[in-house]
Amino acid sequence: MQVYITAVEEGFLYALLAIGIYISLRILNIPDLTTEGSFGFGSAIAAVVASQGFSFLSFVAAFFAGVLAGVITGLIQTRLKVHPVLAGIITMSGLYSVNLMVRGSSNLNFNQNSVFTRLFNALGISGVNKKIVGLIVSAIICVIVLALIIVFFKTHIGLCIRATGDNSDMVRASSVNVNFSLVFGLALANGLIALSGALISHYLGLSDQSFSNGTLIYGLAAVIIGEAIFGKRSVTLGLISAVVGSVIYKIIVAFVIDVSLFGKNSENLMKLACAIIVTLTFVIPAVKDAAENNRVKKEAKKNA
């Protein structure tokens, strides 16, 4: 049971990553590959700031570190006219070295200054209760951030970002600064991704260079799983579905390990399990669409 509680808890913490990817991929319609770099950047900045005793301030620092990464990617796209995919790769590659320099090594332990550790010590919580309290705290943080993002995308600047992703030419003709909207959207997306990295580091009590490996795939899978369940109807529902998809993804991974679907080496074959899950999230919607198209064609032939 603890395995699944942990999975749900991590699902809420990684949900901010999924929201960030949803913003860049679905709202801005940009395949942003900055993700792994900004996630690691947020983790590294949070670890360094928290290790100095500023635990809560580390989240603010991590968020703005991600914002900076998003701004750099956005400026490379808009000012230097580099393809979005290449712009993301450039920033991500640069951040790999930056993250090492920020930490001073490949990993940094700050467990005693972690927000979660401080909370557990203050409440005198231990054992299984840590998991339950951690789950509640993670869910609260996720819901608050989700609510703020939903409200933001109903404001003027939020609507401009949405419109930029839908039809940039039309928005440009309406005297809206498309480049600003694009850079702002990428900054927000990567800020949330970096914040997710900071939360995961606080949850584990350390920051490691390997934490960001596979985060892009994870975020994409979470978005697609959510859309497979809720569909693509609105931005608000899309943001909610990204959170749900993140939690479901973690539960599926926990199930794979718990029942040892790959034998005794299930944990060692985690990457394989994740690859299969991601593949299925892509295949299932495609199969559903193909079945729906066949049904429509059959009905058209009958009515002809």
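These legends describe close-up views of a predicted model.

**View 1. Helix H1 packs against helix H9.** Helix H1 covers residues 2–27, and helix H9 covers residues 178–204. Their axes lie 6 Å apart. The angle between H1 and H9 is about 165 degrees. Angles over 145 degrees count as roughly antiparallel, so H1 and H9 are roughly antiparallel to each other. H1 passes H9 in a left-handed crossing.

**View 2. Helix H1 also packs against helix H6.** Here the axes are 9 Å apart, and the angle is about 20 degrees. That makes H1 roughly parallel to H6. The crossing of H1 past H6 is left-handed.

**View 3. A nonpolar patch lies on the surface.** Six side chains can be picked out by name: Val128, Ile132, Ile136, Ile140, Ile144 and Leu148. Together they have about 530 Å² of accessible area. Take Ile136 as one of them. Isoleucine 136 sits in helix H6, which runs over residues 128–152. Is isoleucine 136 buried, partly exposed or exposed? Isoleucine 136 has a relative accessible area of 46%, so it is partly exposed.

**View 4. A salt bridge links arginine 26 and glutamate 227.** Side chains of opposite charge can pair when their charged atoms come close. In this pair, the closest N and O atoms are 2.6 Å apart. Arginine 26 lies in helix H1, and glutamate 227 lies in helix H10 (residues 215–230), so the pair ties together parts that are 201 residues apart in sequence. Arginine 26 is partly exposed, at 33% relative accessible area. Glutamate 227 is buried, at 10%.

**View 5. Arginine 172 meets aspartate 169 in a salt bridge.** The N to O distance is 3.3 Å. Both residues belong to helix H8 (residues 168–173). They are 3 residues apart there, which means a separation of about one helical turn. Arginine 172 is partly exposed, with a relative accessible area of 45%. Aspartate 169 is exposed, with 55%.

**View 6. Arginine 295 and glutamate 299 pair within helix H12.** The closest N and O atoms of this salt bridge are 2.6 Å apart. Helix H12 spans residues 270–303. Arginine 295 and glutamate 299 are 4 residues apart, so about one helical turn separates them. Arginine 295 is partly exposed, at 39% relative accessible area. Glutamate 299 is partly exposed too, at 38%. Which residues do shared partners join into one network? Salt bridges join Glu292, Arg295 and Glu299. The count of salt bridges in the model comes to 5.

Terms used
Residues are numbered from 1 along each chain as its sequence is written. This is a predicted model: local features need pLDDT of at least 70, side-chain atom pairs count only at pLDDT 80 or more; totals for chains, interfaces and linings use all residues. Side-chain values use heavy atoms; hydrogens and water are left out. Patches are made of residues with over 30% relative accessible area and no salt bridge: like charges are joined within 9 Å, nonpolar side chains (Val, Leu, Ile, Met, Phe, Trp, Tyr) within 5 Å. Accessible areas come from the Shrake-Rupley method with a 1.4 Å probe; for residues, only the protein chains shown count as cover. A salt bridge is a side-chain nitrogen of Lys or Arg within 4 Å of a carboxyl oxygen of Asp or Glu. Helices (H or I, at least four residues) and strands (E, at least two) are DSSP runs, numbered from the N terminus. Buried means under 20% relative accessible area, exposed over 50%, partly exposed in between (1.4 Å probe, protein chains only). Axes are lines fitted to C-alpha atoms, for helices over the stretch in contact, and angles run from 0 to 180 degrees between N-to-C directions. Angles under 35 degrees count as roughly parallel, over 145 as roughly antiparallel, 65 to 115 as roughly perpendicular and the rest as oblique. A crossing is left-handed if the near helix is turned anticlockwise from the far one by less than a right angle, and right-handed if clockwise.
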